[in-house]
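Reader: I have a model to go through before using it. Please take me through confidence first, then the layout.

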Amino acid sequence: MGIRRLLSGNEATATAMKQINPDVVAAYPITPSTEVVHYFSQYVADGEVDTEFVAVESEHSAMSACIGASAAGGRTATVTSACGLALMWELLYVASGQRLPMTLAVINRALSGPININNDHSDSMGARDSGWIQLYSENNQEAYDNYVMSWRISEHKDVLLPVMVCQDGFITSHAVENIELIEDEKVKEFVGEFKPERHLIDGGPLSVGPYDTPHFYFEHQYQRAQAMKRAKQVILDVSKEFAAMTGRGYGLFEEYKMADAERVIVVLNSSAGTAKVAADQLRAKGEKVGVLKLRVFRPFPHAEVAKALSNAKAVAVMDKCDSFNGMGGPVFVDVRTACYDLATRPQIVNYIYGLGGRDVTVDNFLYVYEKLTEIINSGTNTDDIYRHVGVRGVN
Amino acid sequence: MSNMVEIRWHGRGGQGAKTASLLLADAAFAQGKFVQGFPEYGPERMGAPIAAYNRISDERSSLHSNIYEPDYVVVVDATLLSAVDVTGGLKKTGAIVINSEREPKDLIDQLEGYEGGVYTIDASAIAGEELGNRNLSNTAMLAAIVKVSGVIPEDAFMKEMEVSIKDTFSSKPHVIAPNMKAIERGLKEVKGI
C-alpha cells in the first residue's frame with residue numbers, strides 16, 4: 001500500500017526527486033517550476049538528500065552542468081519551464097547526442113512574445129526533435145509516477161537518452177490533489193543504482209564531446225535515432241514493472257472509452273481529464289465517443305496510434321501549441337502522418353486550444369465532438385483541417 | 001459527478017484566499033474525500049482581485065478547468081461585490097458567504113438578483129480582535145464556509161485544523177492559537193437568511 005497524501009504537481013515532483021536522491025541537481029528558478037527547486041533546495045539544506053545542488057546563473061548553465069555531471073557518472077536532474085527550456089536549447093542536443101542519461105521535469109508554460117506565465121506546450125513541443133524522450137502527465141499522480149519511471153528508461157543500456165517529464169504549469173503544478181506516493185525504500189529499489197558503463201570519473205581514459213568529423217557524425221546520429229526507436233519497448237517494460245509494484249498501469253497512451261468510438265479526441269496532459277468528462281456526458285446519451293490520451297510523445301508510437309484510431313470515423317487532434325506552419329500543430333502532424341498507412345483512414349482535423357493559459361472547459365470538448373459529427377456527415381477538405389477552439393471571434 | 005461540491009473563492013492578492021482554499025482541501029482530504037484546491041493565476045500583486053477553487057467529491061474528478069457553476073462562493077473582501085461578478089454561475093441551491101459587518105438582507109441589492117442563500121460574517125473584525133490585523137480574515141472565512149456548506153462535520157473540521165494550522169504556520173507559532181480562536185468564532189458568528 002502506498003502513502004495517501006494531498007500534494008500539488010510541483011510538490012509531487014520534488015518528493016520524487018527527494019526519494020531518488022540524485023547525485024547532482026543543477027537548476028535555475030523560473031515560474032511555474034520554481035517551487036520544485038525551492039522545495040528541493042530545502043531538502044538539501046535540511047540534509048534529507050546528499051545531492052550536490054548547483055545554483056547556476058542561467059538555464060544554459062544548468063543544462064551544461066547537468067551534461068558535465070552525467071558525463072562524470074552522476075545521476076543528474078534539473079527542472080525548468082518556458083523560456084528556461086528555450087535557453088537550454090543548444091545543450092539539449094548535446095545531452096542527447098552524447099547519450100547522457102538525465103531527467104528534466106518540464107512544468108509546461110507558454111513561450112514569450114508577448115510574455116505570458118501561464119500554461120501551454122510551446123516549450124516542450126519546440127524541443128520535440130532534440131533527441132529527448134518526452135512523457136506527458138494528466139495529473140500530479142502521473143507526474144510523480146512518470147518521474148519515478150523516467151530514470152529506468154533514461155539509464156537503460158538500450159536507450160541512454162535524457163527524458164523530459166512534462167506536466168501543465170499551474171493547472172497541475174499548483175493544484176493540490178489526492179496522490180498515492182510510493183514508500184522511499186521501494187522507490188530506491190525500483191530506480192536502483194546508476195552504474196554507467198563508461199564515465200569520466202574512474203572509467204579509464206575517455207573523451208566526451210570532441211569534434212565529430214563527417215566520417216563519424218552521421219553514424220552517431222543513426223545510433224541516436226535507433227536508441228529512440230528502442231526506447232518504446234523499454235518504456236513498456238519499465239511501465240509493466242511499475243504496475244506490478246503499484247497497481248498503476250501505463251502504456252504508450254491511454255484509450256478511454258475507445259472500444260466502439262466513432263469520434264475520437266487525441267489530447268495530452270491535464271486537458272485529457274477534462275476531455276474524459278465531456279466523453280462521459282456524451283456516452284450517457286449513447287453517443288460513441290472516446291479519448292486517446294498520449295503519454296509518450298517521443299518516441300512517437302505511430303503504429304500503435306494508427307491501430308487505435310483505425311476504427312474511428314473522425315478524429316480531432318488537440319494541440320496546446322501552434323507550429324505557425326499554416327498546416328497544424330505538432331501532435332496533429334504526427335498523428336495524421338501515422339494514420340497514412342491505414343487501409344481505411346478516419347478524417348482527421350486539428351484544434352489549437354488553450355494557448356497561454358486560456359482555460360480549457362468541458363464545453364470546448366463538447367464543441368469539438370459536435371464538429372466531428374458535422375465532418376462525418378458532410379466531410380471536410382484540406383483547407384479546413386487547421387482549426388482553433390476557444391479563441392474570441394473565431395468560435 | 002452528482003456528489004461533487006464546487007466552491008469558488010474571491011479575494012484580493014495578499015488576503016489569503018488561496019491559503020484558505022488549501023486549508024479546506026486539507027480538512028476535506030482528512031475526511032477521506034477526493035479534493036482539488038487551486039488558484040487562478042493572473043497578475044500576482046497585492047490588492048488585485050484573485051480567485052481560488054475547491055472541488056470536493058467521493059471519487060476522483062478528472063476535470064481540470066476552472067469552476068463556472070459553483071455550489072458556493074466565498075467573498076473574502078466585500079469591496080469585490082462591485083468589482084467582480086461574484087454570483088456569476090452560482091447555483092440557486094447553493095449560497096454565498098461574504099465578509100461584512102452588515103446583515104445579509106442589506107447586501108442582496110448588490111448580488112444581481114441571486115436567489116440562493118446569503119450569509120455574512122464580520123471576519124475582518126474577528127481577525128482584528130484575535131490576530132491584531134483585520135486583513136487576516138481568511139481563517140474565519142474558512143470556518144464560515146464549512147458551517148454554511150456542511151461539506152465537513154464541524155468537530156472533524158476543528159480537529160483537522162489543529163493539525164493543519166500548526167503545519168501551515170510552523171514558522172510563526174505565535175499565530176497558531178489566535179487562528180484557532182478565529183476559526184471557532186467563524187463557526188459561531190456566521191449569519192444567514
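Reader: What pLDDT does chain B average?

Author: This is a predicted model, with an ipTM of 0.93 and a pTM of 0.96. In chain B, 97% of the residues score at least 70. The average pLDDT of chain B is 93.

Reader: Which helix of chain A gives the largest share of the side of domain 1 that touches domain 2?

Author: Domain 1 of chain A covers 3-246 and domain 2 covers 253-388. Between them, 29 residues of domain 1 of chain A are in contact with 20 residues of domain 2 of chain A. Helix 5 (122-126), strand 6 (133-136), strand 7 (163-168) and helix 8 (217-246) of chain A each supply at least two residues of that side of domain 1. The largest share, five residues, comes from helix 8 of chain A.

Reader: Which strands are the edges of the open sheet of nine strands?

Author: The order in this sheet, whose pairing is mixed, is 1(A)-8(A)-2(B)-3(B)-1(B)-4(B)-5(B)-6(B)-7(B). An edge strand pairs on one side only. The edges are strand 1 (3-8) of chain A and strand 7 (191-192) of chain B.

Reader: At about what angle does helix 3 of chain B run to strand 5 of chain B?

Author: Helix 3 (residues 138-149) of chain B lies across strands 1, 4, 5, 6 and 7 of chain B. Its angle to strand 5 (95-99) of chain B is about 155°.

Conventions: Residues numbered from 1 in each chain as written. Chains lettered and ligands numbered in written order. Predicted model: local features only at pLDDT ≥ 70, side-chain atom pairs only at ≥ 80, totals over all residues. pLDDT = per-residue confidence, 0-100. Domains from an automatic or database assignment. Contact = placed C-beta atoms within 7 Å. Helix = DSSP H or I, 4+ residues; strand = E, 2+ residues; numbered from the N terminus. Pairing = 2+ DSSP bridges. Axes fitted to C-alpha atoms, helices over the stretch in contact; angles between N-to-C directions.
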